Amino acid sequence: MSNFVKTQVCIIGSGPSGLLLSQLLAKAGVDSIVLDRKNRGYIEGRVRAGVLERGTVTALEEAGVAGRLHAEGIPHHGVDLAFDGDRHRIDLFGLTGKSVMVYGQTEVTRDLFDARFKDGQQFYFDVEDVVPLDLKSSSPSVQFLMAGQKYAVSCDYVAGCDGYHGVSRQAIPSSVLRTFVREYPFGWLGILVDKPPVSHELIYANHQQGFALASMRSETRSRYYVQCDINDDVSAWPDDRFWQEFSTRLGPETAADLQIGDSFEKSIAPLRSFVAEPMRYGNLFLAGDAAHIVPPTGAKGLNLAVADVRLLSRALIEHYKKGNDAYIDTYSTDVLKRVWKVERFSWQLSTLMHQFPENSPFEKRMQRAEFDYIASSESASRVIAENYVGLPLHSQL
Ligand code: APR
Ligand code: PHB
């Protein structure tokens with residue numbers, strides 16, 4: 001016997017995409033349920049990037065969840081690129097009139113959960129065997145198991161916000177779905193440490209021994225990364241080794257200001273570029289990591305997901321409130337145009353800033369020449385800046 005549930009939009013996945021979508025829909029009076037194979041504690045514990053574009057901040061403001069973000073977030077007006085010890089500041093604000101906000105994705109997720117719980121959102125956590133069905137019909141459904149009981153959700157639309165490993169994308173027939181992928185031959189080892197950041201702005205550094213990134217979560221908590229072997233285990237990176245590599249890659253001048261301490265989080269993430277097309281199949285919409293992955297250089301993952309959700313919520317709200325399906329019909333093409341531009345930027349910055357084992361001496365010189373060009377040209381710096389602060393929501397603009 002199944003438990004039957006009815007809603008307007010069934011949201012699969014309770015990461016930032018699914019949470020923000022449910023929040024924006026609820027504010028417009030559209031009913032949704034959210035299900036996730038994990039639970040709130042697990043989801044909030046995932047450490048991810050922490051740089052929010054202006055458009056992301058606007059979306060969180062519109063969603064009514066930006067109070068803590070404005071109190072605790074740190075506005076950044078610039079970002080540094082470094083190459084073998086030479087540093088070049090990209091003046092984000094001077095070049096674009098915009099800045100970014102440093103605020104951890106974990107905190108964004110917590111703020112969204114708080115708002116959804118306060119609002120009485122219906123959540124189903126720790127679910128298994130999620131199956132979206134009848135997606136081409138006007139009455140799709142989603143089946144799942146929770147605590148050994150069967151559930152069947154009947155809805156108008158299914159929002160696939162279930163990340164890269166989710167089931168939503170897989171529900172699109174292989175004759176329809178096209179995927180594009182680029183795997184990078186290295187990973188990022190990241191640590192969190194309760195020491196003040198080495199620099200008050202982020203530093204992305206390319207050094208002969210590999211990439212390093214100095215980021216932060218607050219004035220007293222730093223988030224640092226080094227490029228590592230794709231097959232490395234964190235056990236190969238005791239703190240001593242991390243600090244040694246990190247200081248070398250930042251260069252002596254910057255490292256002189258580095259405060260070291262015991263890390264309290266350490267993890268390795270692979271780097272991947274991935275896009276799935278289309279992002280709509282019948283009454284299923286994909287949003288966020290379910291449809292695309294970017295390498296973390298540039299911190300676009302969350303920002304891209306938020307842009308998708310802004311367009312998806314607008315499409316659904318127009319449908320319910322005005323009977324207008326124009327945005328539903330153009331969702332996939334509109335979103336993908338922007339997605340590919342952001343993929344391009346993340347790929348370009350990753351290609352510029354890492355040591356690739358397969359790079360010939362010629363390609364190494366090309367990287368150096370590109371850095372020198374950016375450092376010497378305001379136009380080239382502006383290109384980086386306008387991408388870093390975030391492209392407009394509508395890519396055709
Ligand atoms: N059924 C239900 N839920 C699922 C399933 C499934 N089969 N598969 C995955 N999920 C859930 C995951 O447990 C996770 O909580 O979907 C959620 C997807 O969340 P994210 O991976 O965070 O993806 P998204 O919300 O699109 O976030 C985009 O945030 O998490 C980062 O790297 C990500 O920066 C990117 C941005
Ligand atoms: C982070 O703070 O974790 C971070 C910042 C910038 C990036 C990636 C990660 O490009």
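**Close-up 1. Burial of strand 6 in the predicted model.** In this predicted model, strand 6 spans residues 79-83 and is largely enclosed by the rest of the structure, because five of its five residues are buried. Burial here denotes a relative accessible area under 20%. Val79, Leu81 and Phe83 point one way from the strand, whereas Asp80 and Ala82 point the other way. Residues of both sets are buried.

**Close-up 2. The hairpin of strand 6 and strand 7.** Strand 7, residues 86-90, runs antiparallel to strand 6, and five bridges join the two. Across this pairing, Arg89 of strand 7 stands opposite Asp80. Two residues lie between the strands of the hairpin. Within the hairpin, Asp84 adopts a positive phi near 45°.

**Close-up 3. Parallel pairing of strand 6 with strand 15.** Strand 6 also pairs with strand 15, residues 202-207, in the parallel sense. Five bridges make up this pairing. Asn206 in strand 15 is the bridge partner of Phe83, a residue that points from strand 6 the same way as Val79 and Leu81. Strand 6 therefore takes part in a parallel pairing with strand 15 and an antiparallel one with strand 7, and strands of a sheet pair through backbone hydrogen bonds in either sense.

Close-up 4. The strands follow the order 1-12-11-10, and their pairing is mixed. Strand 1 (2-6) and strand 10 (127-133) form the edges, each pairing on one side only. From one strand to the next, the twist averages 20°. Inside this order, strand 11 (residues 141-146) and strand 12 (residues 149-154) run antiparallel and are joined by six bridges. Phe144 stands opposite Tyr151 of strand 12.

**Close-up 5. The second largest pocket.** This pocket holds about 270 Å³ of space. Its lining comprises 13 residues, of which Gly104, Thr106, Glu107, Arg217 and Arg221 are the closest to the pocket centre. Helix 4 (67-72), helix 6 (105-118) and strand 18 (263-277) are the elements that each contribute two or more residues to the lining. By residue class, the lining of the second largest pocket divides into six charged, three polar and four nonpolar residues.

Key
Residues numbered from 1 in each chain as written. Chains lettered and ligands numbered in written order. Predicted model: local features only at pLDDT ≥ 70, side-chain atom pairs only at ≥ 80, totals over all residues. Heavy atoms only, no water. Buried < 20%, exposed > 50% of the residue type's maximum accessible area, 1.4 Å probe, protein only. Helix = DSSP H or I, 4+ residues; strand = E, 2+ residues; numbered from the N terminus. Pairing = 2+ DSSP bridges. Axes fitted to C-alpha atoms, helices over the stretch in contact; angles between N-to-C directions. 1 Å grid on protein atoms, 1.4 Å probe; cavity = no way out; pocket = protein on both sides within 12 Å on 5 of 7 lines; lining within 4 Å. Points joined across faces, edges and corners; volume = space filled by probe spheres on them. Nonpolar A, V, L, I, M, F, W, Y, C, P; charged D, E, K, R; others polar.
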